[in-house]
Amino acid sequence: MFTTGSKLFLGATAVSTIGAIVWAASTGGAAGVMGTVGLTSVALVFALLTGLNFLTRDGNVAGNTPDPDRTTAAGQPAVGNSMWPLVAGVGAAGIVIGTVSRPVVFKVAVVVLLAALVEWLVQGFSERASGDPAYNDGIRKRLLHPLEFPILGAFIAAAVIYGFSRVMLSASKDAGKIIFIFLGALVLFAGFVIAARRGMAKGTALGIGVIGGVALLSVGVVSAIDGQRTITPHPELTAAVCLGKGSAEQEAELDKNTSEKVAAKSSVAANVVLTSNNRLVAFINGIPNVEYHELTVGRSTETRVLFRNETGVDQRLTARLGTFTQKDGTKGNEEAVCTVRIRKGGEAFLTFKVAKPQAASSTPYQLMIPGLDGRVVQLLVP
Amino acid sequence: MDRSEATVSTLGDMPKSRRRWPLAAVALGLVLAGCAKNAPQDTFDPAGPNARDINNLAMPVFIIAGVVGVIVLGVVVYCVWRFRDRGQDIPEQSHGNPKLEIALTILPAIILAGISVPTVVTVFKLDKKSDTQCVINVTGQQWWWEYDYTTGNCGKAKISAPIVTSGELVIPANTPVLLRITSRDVIHSYWIPRLNGKRDAVPGRLHTLRMQADQPGLYTGQCTEFCGLSHARMRMAAVALNDADFQSWVDNQLEAYTPPKAGTLAATGEATFTAQCSKCHQVNGLKNADGSPVLSSPDLYVVSGVAPNLTNLMTRTAIAGWTFDILSEQCRLKLWNAKPADFGKLYLQGVWMDTPAGATKPVCFDEATLRSWLRNAPAKKPMYSDPTKLASTGGKYRGMPNLHLTDNQIDELIAYLLERK
C-alpha cells in the first residue's frame with residue numbers, strides 16, 4: 001500500500017486539485033485563470049512526487065539494514081497500480097462541482113466516491129493480507145467480484161437497453177419492425193457463430209461483443225440527439241364515442257386492434273350478453289340461468305361487467321352514467337364509458353363507478369348498445 | 001444492596017418453586033377464557049348449514065391435531081426428562097432407525113390424506129352458489145358495512161326497488177343468500193362466525209359468500225382484516241327473520257318518506273339534517289323547499305365516497321359501524337335472548353319496542369348514546385377526522401368529523417331521526 005511519504009504527497013495532490021477546481025469555479029477573469037493554472041501545476045507536481053515516492057518506497061533504507069532487499073519496505077514487491085485514489089479524487093471533485101452546479105452531478109459524484117472508497121479499502125486490505133501477491137489478488141476478487149460483476153452487467157444491460165430504445169423511438173414504426181428483425185437476426189447469428197466455433201478465441205468473442213455494444217450505444221446516442229419520431233395520440237373512448245356520436249375515423253381506429261378475449265373472469269358483477277337475436281341480458285355470477293334486466297350497483301364502488309357479443313355485427317357495450325347539474329347551475333354533458341367494438345364471440349370488460357344515486361341524474365343509468373334502441377339493462381343505484 | 005435483600009419484583013427474580021404458580025395461573029386463565037357462557041361469535045356454535053359444514057370439518061381435524069399434539073409433546077417431555085444431562089457420558093451416536101423414520105413419514109401422510117378428503121368436499125360445498133335465492137351487495141369501508149339489496153326475489157319476498165342499509169344484514173331465515181363482497185377503500189374481511197367463514201373485501205374485486213341461518217335471530221360478527229384506526233370497532237350483525245317478517249321489513253324499507261309534521265321539533269330537525277347531515281348522509285325521499293330531492297355528496301367529503309344511508313335508521317339496533325347500541329341494554333338483552341318465534345316481532349319494532357300506543361318517546365331508545373355520538377363522533381370512535389390533518393386525502397375524511405352541533409340542534413336531530421323508522 002502507500003508509503004508514509006506518498007500518502008503525504010497524495011493528500012497534497014488532492015487538496016491542490018480540489019483547490020484548483022474550487023478556484024476555477026468561483027473566481028473569474030485573469031486571476032481565475034492564473035490561480036487555476038498555478039494550483040493545477042502544484043497538483044501535477046505533487047502527483048509526480050506521489051508517484052516517485054510510491055515507486056521508490058520512500059527510498060527509506062538505512063545503510064546498516066540487514067538484507068535490505070528482502071526486509072525493508074522499499075524492498076517489498078511493488079503493489080499493483082491503483083486507479084481508485086484517482087477515481088476517489090474525481091468523485092470528491094464532482095461533489096464540490098455538484099454542490100454549485102446541478103444536483104445530478106452531486107449525486108453521481110457521491111456514488112463514484114463511495115464506490116472508489118470501497119474499492120480502495122478492499123484493495124488496501126487485500127494487499128496487506130499476506131506476502132503472496134497472487135493470494136492477495138484472490139482475496140480481492142473474492143470480496144469484490146460479487147459486487148463488481150452484477151453492477152458491470154447492469155451497466156452493460158442499461159447501455160444496450162438505452163441504445164436500443166433510442167433507436168426504436170427514433171425510427172418510424174415501419175422501419176422499427178425491420179430494425180428489430182435485423183438486429184434480432186444479427187444477435188442470433190452472432191450467438192450461433194460463437195456457439196458453433198468452440199475454438200474461437202476468447203478475445204475474438206469479446207471483441208465482437210464490444211464492437212456490437214459500442215455500435216449500438218453510438219447509434220442510440222445519435223438517435224437520442226436526433227429526437228423521437230412524432231407519435232400521434234390515439235383517439236380515446238370518450239362519452240361521445242360511447243353514445244354513438246363520435247366520428248367514423250375515431251371509432252374505426254379505436255376498434256381496429258381490439259383484444260376480444262378476456263382471461264380474468266373473476267370479480268365480475270355480471271355477464272352481459274348481446275344474444276344472437278339482439279337481446280341484451282345480464283347474468284349474475286353465481287345465479288345461473290336467470291336473466292336480469294336490471295342490476296343494483298352500489299354508490300362509489302367499482303363495478304365490472306363482462307360483455308359478450310353473440311351477434312354477427314361488431315358491437316360495443318356502453319354504460320350511461322348520468323347527466324348532472326354543474327356547480328354553476330348549468331346542465332352538464334351525459335357521462336358514459338364503453339368497451340371497444342367487439343366481434344362475434346368476443347368478450348370485453350367494462351368497469352364503471354357511479355358516485356350519485358339515480359335521482360341525481362336527469363338521464364337514466366343503464367347498459368346499452370349504441371344504435372340498438374331498447375336493448376338496455378337498467379342500472380339501479382340506491 | 002445485597003441481592004438477598006432485594007425485593008422480588010419480577011418473575012425472573014422468583015425462586016423456581018414459586019415461579020410456576022403465576023405461569024400456571026396465566027395458563028388456567030387462557031383455558032377458562034374459552035368457557036365464556038355468552039359468546040355470540042362462537043364459531044363452534046354454528047347456526048346455519050355453512051357454518052355447520054365448517055364445524056363438522058374443524059372438530060374432527062381439531063381432535064386429530066390435538067391427539068397428535070399431545071403425543072408429540074408427551075414424547076418430547078419424556079425425552080427431555082428421561083435423558084436430561086446428569087453428568088453421564090454421551091451415548092452412542094447412530095444414524096437413526098430407518099424403519100421408525102419411514103413409519104413416522106407414512107403415518108402423517110395417511111392422516112393428512114384422510115383429512116384432505118372431507119376438506120376438499122367441504123370447500124366445494126361452501127363454494128356452491130347455484131341454490132342461492134337472494135343477492136345482496138356487501139361493501140366495506142372504514143369502518144362500517146353497507147348492504148345493497150338487489151331488486152327481484154329474495155327468498156319468498158319480493159324487492160321492487162333497491163334497498164340500502166348498513167350495520168345489520170337482514171336476511172330471510174332458512175334461505176341461502178348470496179353475498180357479493182367488496183370494499184371501497186382498504187381490505188376488510190366479513191365474518192359472521194355462526195353463519196359462515198370469513199371472506200375478504202378487497203377494493204376492485206368481488207368475492208362471493210353463501211349465508212344461511214337456520215332460524216330467526218341475531219348473529220354478530222367482526223371485521224377480521226386490520227383496516228386502520230377503528231378496525232376493532234367495525235362490527236356487524238346478520239339478522240334472520242322468518243319469511244313474513246322479512247317481507248314486512250322489506251315493505252317498511254321501501255315505504256315512501258313521511259315528512260315530520262310542521263311546527264314540531266322533528267320538522268326543525270329535518271331542516272337541520274338537510275343543512276348539516278345530508279352533505280354525506282342520504283335519506284331517501286327527503287326534499288328541498290323547492291321540491292327537488294336532497295341528494296348527498298359523500299364523494300366530496302369522505303375517502304370511501306359514501307356514508308351510511310339513514311332512511312330507516314331506527315329500524316337498526318346499533319349505529320356507527322354497529323358499534324354503539326341505540327337499544328337500551330334491557331331491550332337489547334330482551335331481543336338477543338328472544339325465542340326464534342318471537343324475535344321478528346321484537347326486531348321490527350326497533351327502538352319502539354314495548355312502547356305504549358300514543359307515546360311520543362320510545363321506551364327502548366338509548367338516547368344518551370346517540371346524543372354523545374352527535375355531539376362528538378370522533379371522541380367515541382377514533383377516526384381520521386381532524387380537519388388540519390387531511391392533506392394526504394385531499395381534504396377528505398375517513399369517518400365522521402365533529403360537527404360542533406349545539407344542544408338544540410342535537411335535540412332537533414334526535415327528534416327527526418326517531419321518525420326514520
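**Reading contacts, helix packing and cores**

User: Among contacts in chain A between residues at least 6 apart in sequence, what percentage join residues at least 24 apart?

Analyst: Of those contacts in chain A, 62% join residues at least 24 apart. Two residues are in contact if their C-beta atoms, placed from the backbone, lie within 7 Å. The model is predicted, so local features need pLDDT of at least 70 and side-chain atom pairs count only at pLDDT 80 or more, while totals for chains, interfaces and linings use all residues. Residues are numbered from 1 along each chain as its sequence is written, and chains are lettered from A and ligands numbered from 1 in the order in which they are written.

User: How many helices and strands does chain A have, and what share of its residues counts as buried?

Analyst: Chain A has 10 helices and 9 strands; these are DSSP runs numbered from the N terminus (helices: H or I, at least four residues; strands: E, at least two). Of its 382 residues, 24% are buried. A residue is buried if 20 or more other C-beta atoms, placed from the backbone, lie within 10 Å of its own, exposed if 12 or fewer, and partly exposed in between.

User: Is Gln366(A) buried or exposed?

Analyst: Gln366(A) has 21 C-beta neighbours inside 10 Å and therefore counts as buried. Gln366(A) belongs to strand E8 (residues 365-368) of chain A. Its C-alpha atom is 5.2 Å from that of Arg320(A), a residue 46 places away along the chain. Not counting residues up to four places away in sequence, Gln366(A) touches Arg320(A), Val376(A), Val377(A), Gln378(A) and Leu379(A).

User: At what angle do helices H6 and H8 of chain A cross?

Analyst: Two packed helices are described by the angle between their axes and the distance between the axes. The axes of H6(A) (residues 133-170) and H8(A) (residues 202-226) come within 7 Å and cross at roughly 45 degrees. Axes are lines fitted to C-alpha atoms, for helices over the stretch in contact, with angles from 0 to 180 degrees between N-to-C directions. H6(A) and H8(A) are therefore oblique to each other; angles under 35 degrees count as roughly parallel, over 145 as roughly antiparallel, 65 to 115 as roughly perpendicular and the rest as oblique. Among the residues that meet are Ile156(A) and Val160(A) of H6(A) and Leu216(A) and Gly220(A) of H8(A). The contact has 10 nonpolar, 5 polar and 2 charged residues (nonpolar: Ala, Val, Leu, Ile, Met, Phe, Trp, Tyr, Cys and Pro; charged: Asp, Glu, Lys and Arg; polar: the others, Gly among them).

User: Which residues of helix H7 of chain B are buried?

Analyst: In H7(B) (residues 340-349), they are Phe343(B), Gly344(B), Leu346(B) and Tyr347(B). These buried residues pack against strands E11 (217-222) and E12 (235-241) and helices H4 (243-253) and H6 (329-336) of chain B. Just after H7(B), Gly350(B) takes a positive phi of about 55 degrees.

User: How many residues does the largest nonpolar core have?

Analyst: The largest nonpolar core has 117 residues, and Val272(A), Ile136(B), Ile171(B) and Ala238(B) have the most contacts inside it. Such a core is a set of buried Ala, Val, Leu, Ile, Met, Phe, Trp, Tyr and Cys residues joined through C-beta atoms within 7 Å. E12(B) gives the most to this core, with 6 residues. Apart from this core lies another, of 14 residues, including Phe9(A) and Phe46(A).

User: How many residues of each chain are in contact with the other?

Analyst: 21 residues of chain A are in contact with 28 residues of chain B. The side of chain A that touches chain B has 11 nonpolar, 6 polar and 4 charged residues.
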